[in-house]
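Let's take a walk through this chain, starting with the overall numbers and then moving in on the helices and a couple of residues.

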Amino acid sequence: MGIIAWILIGLIAGAIAKSLMPGRDPGGIIITMLIGIAGGLLGGWLGKVLFGVESIDGFFELSTWIAAIVGSVILLALYRAVTGSRHSHRHV
C-alpha cells in the first residue's frame with residue numbers, strides 16, 4: 001500500500017478509535033492520524049506475532065481495518081495514560 005493509503009487508513013482508524021473510547025483527548029486531527037498510522041502498524045505486527053497471520057493485506061481487506069483499529073485503540077489508551085498523568089499534576 002502507498003503512503004496515501006496509510007494516511008487515509010490512519011485517519012479513519014484513529015477517528016474510529018476515538019469514537020470507541022469517548023472522552024477528552026489532548027490533540028487534534030494530526031495526533032489522531034499519527035495514532036491511527038502507528039496503530040495500523042502495531043495491529044499488523046501483533047496479528048503476525050500472536051496469530052501468525054498477515055493482517056495488513058490491502059486497503060479493502062477487513063483484516064487490515066480490524067488490525068488498524070485495534071492497534072489504534074491500544075495506542076490511544078497508552079497516549080491517554082501518558083498525557084493524562086502529565087495533565088493531572090497541574091496546580092491551579
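Of the 92 residues in the chain, 32% count as buried, where buried means under 20% relative accessible area, exposed means over 50%, and partly exposed is in between (1.4 Å probe, protein chains only). Keep in mind that this is a predicted model, where local features need pLDDT of at least 70 and side-chain atom pairs count only at pLDDT 80 or more, while totals for chains, interfaces and linings use all residues. Residues are numbered from 1 along each chain as its sequence is written, and side-chain values use heavy atoms, with hydrogens and water left out.

Helices (H or I, at least four residues) and strands (E, at least two) are DSSP runs, numbered from the N terminus.

Start with helix H1, residues 3-20. Its 18 residues reach 25 Å from first C-alpha to last, close to the 26 Å expected at 1.5 Å a residue; the expected span is 1.5 Å times one less than the number of residues. Buried in H1 are Ala5, Trp6, Ile9, Gly10, Ala13, Gly14 and Ala17. They sit on the same side of H1 because they cover an arc of only 150 degrees around the axis, the arc being that of the directions from the helix axis to the C-beta atoms. On the face turned away from that buried side you'll find the exposed residues Ile4 and Ser19.

Next comes helix H2, residues 29-51, which packs against H1 at an angle of about 105 degrees with the axes 7 Å apart. Axes here are lines fitted to C-alpha atoms, for helices over the stretch in contact, and angles run from 0 to 180 degrees between N-to-C directions. The two helices are therefore roughly perpendicular, a label for angles of 65 to 115 degrees (under 35 is roughly parallel, over 145 roughly antiparallel, and the rest oblique). On the H1 side, the residues making the contact include Trp6, Gly10 and Gly14, and on the H2 side they include Met33, Gly36 and Gly40.

H2 itself has 23 residues that should span 33 Å at 1.5 Å a residue, and its end C-alpha atoms agree at 31 Å apart. Among its buried residues are Thr32, Ile35, Gly36, Gly39, Gly43 and Gly47. Just after H2, Gly52 takes a positive phi of about 70 degrees.

Gly36 is buried, with a relative accessible area of 1%, and touches Gly10, Gly14 and Ser72, leaving aside residues up to four places away in sequence. Leu34, also in H2, counts as exposed at 52% relative accessibility. The C-alpha atoms of Leu34 and Gly10 are separated by 6.7 Å, although these residues are 24 apart along the chain.

Technical notes. Contact = heavy atoms within 4.5 Å.
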